[in-house]
Amino acid sequence: MKIINAVWEKRNLGVNCNEVEIENKDTVKILKQNLEVYETEYTVIKVPIGMIEISQYLQSAGYTFMELMISCSNNGQLPLLTPIQKRIIDSVSYKKMNNKDIEQLFVEIDSGMFTDDRVSLDLKFTQDQANNRYAGWVSDEIELGSKFFKLVYKSQTAGFFSLKANGDDCYTSSLGGLYPSFERVGFGICLNYFTIEEGIKQNAKKIFTSFSSNNRGAFGIHFSIGYNIGKQFYVFIKHK
């Protein structure tokens, strides 16, 4: 297993946190033997799908299943669009965010634009803590070199996405979302489409992203525009 002391969550959520990624060689016996090593105030354990014995053990040990995390990738190719998809895409543009745009993003996050992640849905945390986590995440991504872009519809900012170079012509989009006032207008496809388009401009051969099963609309959007499924993890959490 891989154990990461997620020090950033102390800043974001105010709790000590370890994130544990279970590997194929791990067993229930190994988890029991290392309990004191990985368990802390807030423990997050990611289990590859299919490892049912470990999943059942975690639930018997007081862990709660919160989500299925799905990783996917695009090979740097724009999809063929349906007439309806093309009409939506053509009505929106995107451009790189400046400092004022980032300030607006923090305001939108503060208003509660993210509500379906494991922290927002956790009764032990507040929405303010979940918002603070996303604000910290944005700041960290900027420091790590991610570029942020905004969706523009009729001179209004409708949402944002990030893109970061990883080397070897690979890019990752770690964050993205629609602003609350645009959540129900069908622009979700634009986030993923323009992420691919910008990746192609940067000569990306591979663009990686991930989403939660709690975001029900994300399934159809990602796969309808050419993303291929990758690793999947059951995510369990426990508070002490």
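I looked up Tyr134 and found it buried, at a relative accessible area of 9% (buried is under 20%, exposed over 50%, partly exposed in between, with a 1.4 Å probe and protein chains only). The model is predicted, so I note that local features need pLDDT of at least 70 and side-chain atom pairs 80 or more, while totals for chains, interfaces and linings use all residues. Residues are numbered from 1 along each chain as its sequence is written, and side-chain values use heavy atoms, with hydrogens and water left out.

I then listed the aromatic pairs and got 17 in the structure. Rings of Phe, Tyr and Trp (its six-membered ring) pair if their centres lie within 6.5 Å; planes under 30 degrees apart are stacked, over 60 edge-to-face, the rest tilted. Phe114 and Tyr134 are stacked, because their ring centres are 3.9 Å apart and their planes lie at 10°. Phe114 is in the loop between helix H6 (99-110) and helix H7 (127-143), and Tyr134 is in H7, 20 residues apart. Helices (H or I, at least four residues) and strands (E, at least two) are DSSP runs, numbered from the N terminus.

I checked Phe114 next: it is buried at 11% relative accessibility. Phe114 also pairs edge-to-face with Phe160, at 6.4 Å centre to centre and 90° between the planes. Phe160 belongs to strand E7 (residues 156-167), 46 residues from Phe114. Phe160 is buried, with a relative accessible area of 0%.

Back at Tyr134, I found the charged end of Arg133 over the ring, 5.9 Å from its centre (the criterion is NZ of Lys or CZ of Arg within 6 Å of the ring centre and within 35 degrees of the ring normal).

Last, I noted one aromatic cluster formed by Tyr94, Phe149, Phe161, Tyr193 and Phe194.
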